[in-house]
Amino acid sequence: MIIVVIIVLVAIIMLLMIYNMLISKKIDKYNNLNQKVVSLNVLQEFMDTISEEKTPNDKIRKINEILIEKYDIKYSTIVVYNGAEYIIKATNVDVKHWDTLKNLYTEEIFKESIETATPKYITVEKEGERLPYQKMEFGRAKSAMFFPLYIDNIYIGYWIIESGKPHDFDRIDTTVLEVVKNNIISVVKTIDSQEIIENIVREDLFTGLKSEEYLYGEGKRKLDKYTMSSICMFQITNIEEINEDYGRHTGNDVITKVSEIVKQVISPEYIFVRYMGPKFIIALSGIQNEEVSKFCINIKEKLEELSIMQNDEDLFEDEKPSYVQPKINMVITTYYKGTALEAVAKKLEEYLKLAPEGENDINYI
């Protein structure tokens, strides 16, 4: 009888163990599924953030905030190498730890991870221990996952997540984190392109105007506050003739005076840049139709009324100066929020390039 009871109890225990294993697998499966759903939502939020009218640094900081919130991460830090030094692009760790975090590439424990482009997971076993890269801190982080970041097989930095609990990442789905890491790389790549454009903005020597790159960075952010705006490109069509007949210094004076007049009459909300050579762009944020027509007619009339005296440096001895007047050809189109502004500019440039010689008009395309 006792033997039968023992056998029954053993059977019950085994059944309970099997049941617990099945439940555990279902929970893991549910957790993994839930993490994947979260990842899809995170990816969507990443894409939304990229398209927002923010600076590159604001975008990557927001992305880090999304990671912390959606994955319930204690600490998340994105570090990027800019070609000269390692820079913390985003973190929620106190500034006193930044020197440590941006020098993790020097730590022996992460060197193999960087060389092999594989993640590295480290954790302490008990209270009182600290992670190998921690110099003076004990209580902040007890476990960490380190992800080297590569773009087209080129190492560009790393992402590290940290927890205040030992073994906190033991059961985390690393495939999901790999997807997140790849999304971070895509975002960094996109933002890097935006930063390059904004960093090559120049100030024109003669006019003091920003170069066309300004239009595609800060300028685009201003325009995209509105659903539709108007883009006007104009060209001084007789600048070559002025340069040849009256001298290049006089030609430079014409360009300078034209830009001064436009700056005087446009609203601070509008964007005015020197596009290339004798071509300029005025971006009229939120303005369309009749208002644009009146504005452009007014600008064109003011510019063609100018009478600019020949520069002294272009005169021979005892020669009397002549006066020159610019001729303006204009083309206007509509820009829609979120579309490719550089493509719009190229379309306007192409029109002016192919316009009949001597055309001096206002055209809408």
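**Charges and contacts in the chain**

Residues 24 or more positions apart account for 63% of the contacts (heavy atoms within 4.5 Å) in the chain with a separation of 6 or more. This is a predicted model, in which local features need pLDDT of at least 70, side-chain atom pairs count only at pLDDT 80 or more, and totals for chains, interfaces and linings use all residues. Residues are numbered from 1 along each chain as its sequence is written, and side-chain values use heavy atoms, with hydrogens and water left out.

Visitor: What share of the 365 residues in the chain is buried?
Guide: Buried means under 20% relative accessible area, exposed means over 50%, and partly exposed lies in between (1.4 Å probe, protein chains only). Of the 365 residues in the chain, the buried share is 44%.

Visitor: How many salt bridges does the structure hold?
Guide: Side chains of opposite charge can pair when their charged atoms come close. A salt bridge is a side-chain nitrogen of Lys or Arg within 4 Å of a carboxyl oxygen of Asp or Glu. The number of salt bridges in the structure is 10.

Visitor: How far apart are Glu108 and Lys111 in helix α4, in helical turns?
Guide: These residues form a salt bridge, with the closest N and O atoms 3.6 Å apart. Glu108 is exposed at 61% relative accessible area, whereas Lys111 is partly exposed at 33%. Helices are DSSP runs (H or I, at least four residues), as strands are (E, at least two), numbered from the N terminus. Because Glu108 and Lys111 are three residues apart in helix α4 (residues 108–116), their separation is about one helical turn.

Visitor: Is Arg221, at 9% relative accessibility, buried or exposed?
Guide: Arg221 forms a salt bridge with Glu218, the closest N and O atoms being 2.7 Å apart. Both residues lie in helix α6 (residues 212–223), and Glu218 is partly exposed, with a relative accessible area of 31%. Because the relative accessibility of Arg221 is 9%, this residue counts as buried.

Visitor: In which loop is Asp170 found?
Guide: Asp170 is partly exposed, with a relative accessible area of 43%. The loop in which Asp170 is found lies between β5 (154–163) and α5 (174–199).
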